[in-house]
Amino acid sequence: MPNPYAAQDPRPRLRTLVAMPAGTWTQVVTPPVRQRLEGVAELLGLQDGVPVLDGSFDVVRGALTRAEVLLTGWGCPPITADVLDAAPSLRAIVHAAGTIKTFVDPVVFERGIVVSSAAAANAIPVAEFALAAIVLAGKRAFRHRDWYRTVDRSRPLPGAPVIGNLGTTIGVVGASRIGRLVLERLRGLDVDVLVSDPYLSESEAAALGATWCDLKTLFSTADIVSLHAPLLPETRGLVSAELLAAMPDGAVLINTARGGLIDQAALERECASGRIDAVLDVTDPEPLPATSPLLHLPNVFVTPHLAGAMGNEVVRLGAAAVAEIERLAAGLELAHGIGREDLARIA
């Protein structure tokens with residue numbers, strides 16, 4: 001029997017509608033994370049412990065009228081003015097994944113609703129992937145793999161100079177969340193680092209362990225270039241034919257951001273010439289058609305958009321979202337809040 005004299009938490013639990021499909025919920029919210037969540041939230045929109053939402057808010061209209069928080073994830077339907085009209089008590093949207101731009105209508109910010117994303121948690125595995133790609137690219141590991149299967153085993157591979165990882169110049173395009181994590185991890189290598197970002201000052205770059213420069217200088221100087229800029233109307237095709245042509249012979253381009261950042265036709269020409277290598281986790285279009293030369297060139301290594309959170313890494317996303325709801329319940333500001341002013345510069 002509960003002790004009536006025990007101290008009670010006076011704060012009511014936040015009425016939280018789980019706005020993600022059942023498959024997403026089971027991936028990102030583990031039993032320990034759910035236990036934390038239930039300590040601060042009254043969960044709405046569940047049946048037999050799993051979300052009922054699937055493609056539309058229509059099935060949870062009743063719960064919407066009570067919801068103070070929407071806990072969203074992959075597969076959340078668009079949150080439009082009509083949805084907000086049905087949710088008069090809504091105070092916050094907490095997204096247990098990366099970008100919110102695909103489903104959050106800007107009207108959300110006009111209504112004074114606070115928004116948070118787990119993009120910082122998703123940035124960790126992307127930065128790890130990018131760092132691994134940089135190190136392996138320096139060894140020309142991607143070219144050597146296929147060559148090693150088919151010919152005699154002497155090394156190095158003729159026609160593909162091994163850059164190595166001592167004193168190499170690494171260029172980082174974009175001091176985004178992921179870009180900053182990559183810069184932090186590059187400090188563990190004996191390399192020189194350049195960074196280009198229009199929102200970053202020279203002193204801020206220096207604090208991150210890098211030298212600021214413009215894009216032309218970065219592409220014409222770096223042995224390895226790693227892309228970490230958001231895909232926005234003004235950054236589509238950012239890596240132009242001119243910038244690709246400026247890369248030194250034997251340089252490597254790594255893209256774990258978005259395929260649309262690169263002039264695809266120009267990249268195909270440069271890689272087909274054998275002059276530069278590319279490591280591409282993202283492409284445009286995605287996936288590439290089977291006829292794309294990028295899938296068949298020996299100096300191009302393509303993976304199917306797997307740098308972001310996968311497998312056991314997605315647990316970070318749910319934990320990060322629940323931590324934000326805990327902050328809301330405690331009356332604190334969100335740690336990873338997104339404002340309307342951020343929309344123009346986030347992915």
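Mentor: Here's a walk through a few of the salt bridges, pair by pair. Keep in mind that this is a predicted model. The structure holds 14 salt bridges, and we'll look at some of them.

Let's begin with Arg 15 and Glu 68, whose side chains meet in a salt bridge at 3.7 Å, N to O. Arg 15 sits in strand β1 (residues 14-19), while Glu 68 is in the loop between α3 (61-64) and β5 (69-72), so this pair ties together parts that are 53 residues apart in sequence. Glu 68, at 13%, counts as buried, because the cut-off for that is under 20%.

Now hop over to Asp 277 and Arg 143. Their closest N and O atoms are 2.8 Å apart in a salt bridge. Asp 277 belongs to strand β13 (residues 277-280) and Arg 143 to helix α7 (residues 141-150), so this link ties together parts that are 134 residues apart in sequence. Asp 277 is buried, at 7% relative accessibility, and Arg 143 is buried as well, with a relative accessible area of 14%.

One more pair to look at: the side chains of Glu 270 and Arg 275 form a salt bridge at 2.9 Å, N to O. Glu 270 has 15% relative accessibility, so it counts as buried.

Terms used:
Residues numbered from 1 in each chain as written. Predicted model: local features only at pLDDT ≥ 70, side-chain atom pairs only at ≥ 80, totals over all residues. Heavy atoms only, no water. Salt bridge = Lys/Arg side-chain N within 4 Å of Asp/Glu carboxyl O. Helix = DSSP H or I, 4+ residues; strand = E, 2+ residues; numbered from the N terminus. Buried < 20%, exposed > 50% of the residue type's maximum accessible area, 1.4 Å probe, protein only.
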